[in-house]
Amino acid sequence: MHEDQKTLEPSESVNMTDAATPAKTSESATPKMTARHVDVFYGDKQAINDVSIDVNMDSVTAFIGPSGCGKSTFLRCMNRMNDTIPIARVNGEIKLEGEDIYASKMDVVQLRARVGMVFQKPNPFPKSIYDNIAYGPRIHGLATGKEDLDEIVESSLQRAGLWGEVKDRLQDSGTALSGGQQQRLCIARAIAVDPEVILMDEPCSALDPIATAKIEELIHELRGKYAIVIVTHNMQQAARVSQKTAFFHLGTLVEYGDTTDIFTNPREEKTRDYITGRYG
Amino acid sequence: MTSATLLFLVIGLGLMAWFFGRLKAAGLQARDANARSVLHSLPNYHGWYVALWAILPAVLFMTVWSFVSPALITDAALTSPAAAQLPQDGFARAAILSEARAIAYGNQVNAFNPLSQSMVEPYRDAIAHYQMIGAIAALLLVFACGAYAWLKIKPDLRARTKIERVTMLLLLLASLIAIITTVGIFLSLVFETARFFSMVSPIDFLFGTEWNPKAVAGPRGETGFGAIPLFWGTIFIGAIIAMIVAIPLGLMSAVYLTQYAPAKFRSWMKPILEVLAGVPTVVYGYFAALTVAPALRDFAVSIGISNASSESALAAGIVMGIMIIPFVSSMADDSIAAVPSAMRDGSLAMGATQSETIKKVLIPAALPGVVGGVLLAVSRAIGETMIVVMAAGLAANMTANPFASVTTVTAQIVQLLTGDQEFDSPKTLAAFALGLVLFIVTLLLNLIALRVVKKYREAYE
């Protein structure tokens, strides 16, 4: 544990200067989500060390970094999914449109309706395709009647690019779809509650290249309508889909900036080493 | 020499055979030790090889002999001069012979019938004679087979392979014993049931509505073997009342334990629930008969049901349900815990509350497993005996009134088979027919339940 802490220290100092000036990256209007000095602990072990970052509405933000660098952990903090882990503890401040999401008056149910999430492995519910999409609108009471719900289901599936493939079999089980279709179903399911932010935790890591290409295309189309944060192992993917990239290493945010800058002209040596494949 | 002494002697000789076998193998190894080990197997395996050869044929022979020799002994005793005085009547003859045999073996001291006393001596002689033959043959087998195996020990003898095959056969035998026993029970049920059905029509038995077993048929040919009231009572108590109690309580406790309980509470509560599953059912029977049943009767009287019985379906059903709770709860617990956490996360990430997630995602996903668990619980409940014997009564009523006394298949089996019985009366044989029905039903339930549970497990692997 102590060794971990020690290895964190050098990069921490690098990080501090960087994190203190997040404004550098915000060329657009007010950011959708802001994080300041976030620490995350699992029991005694520190998984995230003083991360500050802004997420913008008009851009896709990619989190990259080697395995175990804390990028998924940080992502899960952004809609408080870490609450389901009893030993996880979050310090610092994460705001959604200026509201502190860890404040006691914040209803986690409302938060998660506004900040949706797509997981690494497609996880459709063992229900029909229709019921999978209708799940969120139903629990949040978004639809006023059957036609309304039908419309939400159709438009969500259309936005996720799945409507053409499943419109004739909406009553089939969601688990009967292929892996790529399942993942798009999960994205459609997240869209159905009309969130403001969509968090994607390595959404393509369980998919084949063709399905991956479709998801990436979908992310392109969704950009601008939702603030999208995607965690990925695949640097080409980050380069393809994102406008902003954050590089995490050993629980700290090493560098955050425009994707083109990060990949062509990184400021930190660590970032350069990682993207040129020296380690990770 | 008694057979126990003989067995010990054979085993002792077998151990010596092990020693000699090992010695010879070790000798072979020592002599050629300059080359790479020339023995195919380690000396120990050769030892076991010889020992098994020495013991197994002899033990096999002794087993067969113990089945064959009684007939030979009786034949020999009957050729003695004393046998000439025996009565020709088969029944009396058999009684005298069995008495004489008991005295000869030392199981009985004095003869009731003087004729038996005269047969004791011939019996003793015959027993001694055949025991001696058996012992000598067994010992000869030990030496002959042991020597054969000992002579076969050569460097290239594949002793290890052979020992391992014998070990595997032993393991197979062990696993088959339970199955063979079950098949044996089933067959005995089938044969006795066939005898019963030769006296009472299966249609009358399976679809008759009057249960009042008598040894002889009544004036209109009615036998009183209509088992429908028993089947109804069994289903009413075991599958309806007990499940109305056990399913909601078991499921809710499983949901609490898996989803809400703090880890510390769960680590206490789960073992306690599982301990409850080990309480002897007779204890639940006391509870049902002495506490629950009177309380329910008083309650029934107080709400104006005048004919409430002190033994009621409700009392037995409720207590049986309580007995089954840990069972349902632990099956449901396993099924809910087996739902991938990705499902739960997916639902929570949609902004569903914990209870919405449980109701709409976890329980539907765990349902097949829960159903399997409930079916297993039903099959347990309908096979349960003590509680119904003590609390449900013995009156075969066809009633849906939970305060009335009803009876079940198991309670009637107990009733039919306790005390003195004759095994050729339909009244006694009816117990086997009931047992067979129960056996088939619980077997089917278990089969279906295990299939459902298995299919469900595969769905998430």
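In chain A of this predicted model, A:Ala62 stands opposite A:Thr245, a residue of β9(A).

Six of its six residues are buried, so the strand is largely enclosed by the rest of the structure. Its side chains can be sorted by direction: A:Lys244, A:Ala246 and A:Phe248 point one way, while A:Thr245, A:Phe247 and A:His249 point the other way, and all are buried. With β10(A), β9(A) pairs in the antiparallel sense over six bridges, and A:Phe247 finds its bridge partner in β10(A) at A:Glu255. The two strands make a hairpin with two residues between them, and in the turn A:Leu250 has a positive phi of about 50°.

These strands belong to an open sheet of six strands in chain A, with the order β6-β7-β8-β3-β9-β10 and mixed pairing. At its edges are β6 (115-118) and β10 (252-258) of chain A, each of which pairs on one side only. On average, and with direction ignored, neighbouring strands of the sheet are turned by 15° against each other. Across β6 and β7 (197-201) of chain A lies helix α7 (residues 179-192) of chain A, which runs at about 170° to β6(A).

Chain A also holds a second open sheet, made of four strands in the order β2-β1-β4-β5, with antiparallel pairing. Here the edge strands are β2 (45-55) and β5 (99-100) of chain A, each pairing on one side only. Strand β1 (residues 33-42) of chain A is joined to β2(A) by seven bridges, and the two run antiparallel. Within this pair, A:Val38 stands opposite A:Val51 of β2(A).

Turning to the helices, α4 (residues 129-140) of chain A has several buried residues, including A:Ile129, A:Ile133, A:Tyr135 and A:Ile139. A:Asn132, A:Gly136 and A:Pro137 are also among the buried residues of this helix. The buried residues of α4(A) pack against α5 (146-159), α6 (163-166) and α7 of chain A, and also against α12 of chain B. Just after the helix, A:Gly141 takes a positive phi of about 65°.

The packing against chain B leads on to the contact between the chains, where 15 residues of chain B are in contact with 20 residues of chain A. On the chain B side, the elements that give two or more residues are α11 (341-349) and α12 (354-383) of chain B. Of these, α11(B) gives the most, with six residues. By class, this side of chain B has nine nonpolar, three polar and three charged residues. The domain assignment of chain B gives domain 1 (3-157) and domain 2 (228-459). The centres of these two domains of chain B, taken over C-alpha atoms, are separated by 51 Å.

Taken as a whole, chain A has 11 helices and 10 strands. Of its 280 residues, 47% are buried. Among contacts in chain A between residues at least 6 apart in sequence, 71% join residues at least 24 apart.

How far can the details be trusted? Chain A has a mean pLDDT of 85, with 89% of its residues reaching 70 or more. Where pLDDT is low, the predicted coordinates should not be read in detail.

Notes: Residues numbered from 1 in each chain as written. Chains lettered and ligands numbered in written order. Predicted model: local features only at pLDDT ≥ 70, side-chain atom pairs only at ≥ 80, totals over all residues. Contact = placed C-beta atoms within 7 Å. Nonpolar A, V, L, I, M, F, W, Y, C, P; charged D, E, K, R; others polar. Pairing = 2+ DSSP bridges. Axes fitted to C-alpha atoms, helices over the stretch in contact; angles between N-to-C directions. Domains from an automatic or database assignment. pLDDT = per-residue confidence, 0-100. Buried ≥ 20, exposed ≤ 12 C-beta atoms within 10 Å, placed from the backbone.
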